[in-house]
Amino acid sequence: MALKTEPVLINFGPQHPSTHGVFRMRVTFDGEVIVDMEPIFGYLHRGIEKLAESRTYTQNIPYTDRLDYLASMTNNMAYVLAVEKLSGIEVPERAEYLRVIMAELMRIASHLMAVGFLLNDMGAFFTPLMYMFREREKILDLFEMVCGQRLTYNYMRFGGVSHDIPDEFLPALKRFIDEMPGFIDEYDQLLAENEILLARTKGVGILPPELAINASTSGPVLRASGVKWDIRKADPYSVYDRFEFEIPTGKMGDIYDRYWVRIQEMRQSTRIVKQAIAQLPQGEVRTKVPATLRPPKGEAYGRIETPKGELGFYLVSDGSPNPYRFKIRAPSLLNLTVLRDLVIGWKLADAMVIFGSIDICLGEVDR
Amino acid sequence: MTKPLCGEDVARQIGEHLPDVVTEFDESAVFVPSKALFEVARFLKESLEFDYLTSISAVDYFEHFELVYHLTSIKYNHSVVIKTRCDKGEKGEKSVKLPSVVSLWRGADFQEREIYDLMGIAFEGHPNLKRLFLWEGFQGHPLRKDFRTFRTGLSSHLDKK
């Protein structure tokens, strides 16, 4: 008698520790091998784009915190840059430097989480993650000093930042920046040549550069495939053109490269912060902006390089205090376009690691 | 710096290669008729090498929708904005249609599904045009300006007749 086999459909998530939130996949297996995958979104959809249309420009800053809640500072920054572009607001130099410092610290914190959770997905249960949390905690302490918050900062304002830094901030920041390269070396020793990590990541989930560009991926996912595209260099905003740093790129586009690019970017971020501290000028941190901002009629697209990729805000103003259209170009959502291509042909355990290596935040995917 | 291309230059190049397409332009954007959208998009991708689709946004202007395509060329590091309008028509959501660009840029996949979900614009030629965030059977498209909202929050049940 001939054996009859048929594909098995497994529902995965939305409540599952490896989905980093509430992400759902319908995965079709042939035996153990994935033959099809369909992502299902919307479990964290809060309608931020609609909500924003009935609130003033300033009231929308805290909403941007809730997009990618692991990198709130950079979300703030992308939004205020878009509004400043729309209404032509100048930013004092000290505020620009403070923004850069905060954004780069945020990048380090977000990449730490990405790498930690990636190893978690591989089965290195919580030990590496706790090492990563050790350093992230210090960054959160620094943020708490400047704005009183540890997760949703609401720190940036149109024309600057909400507060100047307190006196104890710079010494603490310097201490952290001096220590950080040592910590990164420690991760490298622990992880970079670990046999299990190499076996699980080398050559798995390869993303070819043509597909990476065609599918609008951005951030470390795009750069790991060997495409040298970083908005901080390609289209410098704020004062990024005054710092020396490199763009690390991968060669293969596999999980290991995505991991490696993030580790290297943390090194580059510490370099940028170091230069920013040295150049930090004195002066105002905020220009006078009307309490109820009414940008002139028109539109603007502001974009920055967040830890996850290119975050853009497309704002349309009709001259009223509320944005007419508030569109968010979310890097996490667009990076997921390639997920189906990456997981087909691999097993479920690999699919989890591939998914973890893309590093998404559901707050930004569903909005 | 990414150089934003002048609308006039791009419109001229489109006019040279696609003589049938009538375009308008302003300083930063090129306006393309919705029927010719796919042809223009293919020309931009294949001849002008705009290989990266940054974002697609839909804006509801009551009497018509405006679709805004932000394109970037990673090779030359320049960008262009393409806009197209589509009338709402009288029959409601079913009549709003636009050609899909998924076959040119895969990155349009989720973005077009999102616009279909929240704005109710159907993209012809999309391989898997389903709602992205809201569930099947949700009444209406929330990002439209005429979508009814209530002080207590959005409720799809109240929309049912």
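# A walk through chains A and B

Start by selecting strand β6 of chain B, residues 78–87: this strand is mostly covered, with 8 of its 10 residues buried. Keep in mind as you go that this is a predicted model.

**Stop 1: the partners of β6(B)**

Begin with β1 of chain B, residues 3–4, which runs parallel to β6(B) and is joined to it by 2 bridges. To see where they meet, click on B:Pro4, whose bridge partner in β6(B) is B:Ser79.

Pick out B:Val32 here and look across to B:Thr84, its bridge partner in β6(B).

Now bring in strand β5 of chain B, residues 64–73. In which sense do β5(B) and β6(B) pair, and over how many bridges? The pairing is antiparallel, with 10 bridges. One of the places to look is B:Ser73, which has B:His78 as its bridge partner in β6(B). Follow the chain around the hairpin of these two strands: 4 residues lie between them, and B:Asn77 takes a positive phi near 55°.

Before you leave chain B, select B:Cys86. Is this cysteine buried or exposed? Its relative accessibility is 4%, so B:Cys86 counts as buried.

**Stop 2**

Switch to chain A and select β1, β2 and β3. These 3 strands make an open sheet in the order β1-β2-β3, with antiparallel pairing. β1 (8–12) and β3 (33–40) are the edge strands; each has a single partner strand, so one side of each has no neighbour in the sheet. On average, neighbouring strands here are turned by 20° against each other, direction ignored.

Zoom in on β2(A), residues 24–30, which runs antiparallel to β3(A) and is joined to it by 7 bridges. Click on A:Met25 and you'll find A:Pro39 of β3(A) standing opposite.

**Stop 3**

Move along to A:Arg55, which sits in the loop between α1 (48–52) and α2 (61–65) of chain A. With 27% relative accessibility, A:Arg55 counts as partly exposed.

Which residues does A:Arg55 touch, leaving aside those up to four places away in sequence? Select A:Asn60, A:Tyr63, A:Pro321, A:Asn322 and A:Pro323. A:Pro321 is worth a click of its own: this proline is 266 residues from A:Arg55 along the chain, yet their C-alpha atoms are separated by 7.9 Å.

**Stop 4: a second sheet in chain A**

Now select β6, β7 and β8 of chain A. You get 3 strands in an open sheet, ordered β6-β7-β8 and paired antiparallel. The edges belong to β6 (298–306) and β8 (325–329), each with a single partner strand, so one side of each is left without a neighbour in the sheet. Neighbouring strands are turned by 10° against each other on average, again ignoring direction.

Focus on β7(A), residues 309–317, and its antiparallel pairing with β8(A), made over 5 bridges. Select A:Gly312 to find A:Arg329 of β8(A) opposite.

**Stop 5**

Show helices α4 (residues 93–122) and α5 (residues 127–147) of chain A. Two packed helices are described by the angle between their axes and the distance between the axes. For α4(A) and α5(A), the angle is about 155° and the axes are 9 Å apart. That makes α4(A) roughly antiparallel to α5(A). The crossing of α4(A) past α5(A) is left-handed. If you'd like to display side chains, the contact residues include A:Leu105, A:Ala109, A:Leu112 and A:Gly116 of α4(A), along with A:Met132, A:Arg136, A:Ile139 and A:Phe143 of α5(A).

The axes of α4(A) and α14(A) come within 9 Å and cross at roughly 180°. This makes α4(A) roughly antiparallel to α14(A). To see where they meet, select A:Leu118, A:Asp121 and A:Met122 in α4(A), then A:Met352, A:Val353, A:Gly356 and A:Ser357 in α14(A).

**Last stop: the cysteines**

Finish by looking for disulfides. How many are there over all chains? The count is 0. Take A:Cys147 as an example: A:Cys361 has the nearest cysteine sulfur, 18 Å away, and A:Cys147 is in no disulfide. At 16% relative accessibility, A:Cys147 counts as buried.

Terms used:
Residues numbered from 1 in each chain as written. Chains lettered and ligands numbered in written order. Predicted model: local features only at pLDDT ≥ 70, side-chain atom pairs only at ≥ 80, totals over all residues. Heavy atoms only, no water. Disulfide = S-S within 2.5 Å. Buried < 20%, exposed > 50% of the residue type's maximum accessible area, 1.4 Å probe, protein only. Pairing = 2+ DSSP bridges. Axes fitted to C-alpha atoms, helices over the stretch in contact; angles between N-to-C directions. Parallel < 35°, antiparallel > 145°, perpendicular 65-115°, else oblique. Left-handed = near helix turned anticlockwise from the far one by under 90°. Contact = heavy atoms within 4.5 Å.
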